[in-house]
Amino acid sequence: QPAVRLPSRSPSQFLRRQQVLQLYRKILRAVREVPAEADRRYLKDWAREEFRRNKDATEEDAIRMMITQGNMQLQELQRTLKLAKS
């Protein structure tokens with residue numbers, strides 16, 4: 001018997017959570033590529049704060065929209081990094 005009971009999640013909530021965690025990891029991975037340490041720290045703190053601020057969101061449409069926005073911001077960061085390297 002586990003000491004801590006996790007709230008039961010529907011399969012779609014489970015998948016959504018996986019998507020969010022995957023996005024968070026991708027963002028942190030991209031941030032590691034940023035050359036300037038001050039920028040890296042700023043972006044890492046910004047990402048952590050954004051995810052933390054929205055961690056209690058339950059509205060499916062809002063969560064979907066946040067994931068889409070996060071992916072667009074990730075792509076923008078990746079584009080910027082690619083340009084900086086070329």
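How many salt bridges does the count come to?

Modeller: This is a predicted model, in which local features need pLDDT of at least 70 and side-chain atom pairs count only at pLDDT 80 or more, while totals for chains, interfaces and linings use all residues. Residues are numbered from 1 along each chain as its sequence is written, and side-chain values use heavy atoms, with hydrogens and water left out.

The count comes to 9 salt bridges, where a salt bridge is a side-chain nitrogen of Lys or Arg within 4 Å of a carboxyl oxygen of Asp or Glu. One of them joins K85 to E33, with the closest N and O atoms 3.2 Å apart. K85 lies in helix α3 (residues 60-85) and E33 in the loop between α1 and α2, so this pair ties together parts that are 52 residues apart in sequence. Helices here are DSSP runs (H or I, at least four residues), and strands are runs of E of at least two, numbered from the N terminus. K85 counts as exposed at 61% relative accessibility, whereas E33 is partly exposed, with a relative accessible area of 43%; in these terms buried means under 20% relative accessible area, exposed over 50%, and partly exposed in between (1.4 Å probe, protein chains only).

Other pairs lie within one helix. In helix α2, R48 and D45 are 3 residues apart, which separates them by about one helical turn, and their side chains meet in a salt bridge at 3.4 Å, N to O. R48 is partly exposed, with a relative accessible area of 31%, and D45 is likewise partly exposed, at 40%. Helix α3 holds E76 and R79, also 3 residues apart, about one turn of the helix, and the closest N and O atoms of this salt bridge are 2.8 Å apart. E76 counts as partly exposed at 43% relative accessibility, and R79 is partly exposed as well, with a relative accessible area of 47%.

Beyond these pairs, R16, E60, D61 and R64 are linked in a network of salt bridges.

As for the setting, the protein chain has 3 helices and 0 strands, and its elements run α-α-α from the N terminus on. Along its principal axes the C-alpha trace spans about 55 × 30 × 20 Å, and buried residues make up 15% of the 86 residues in the protein chain.
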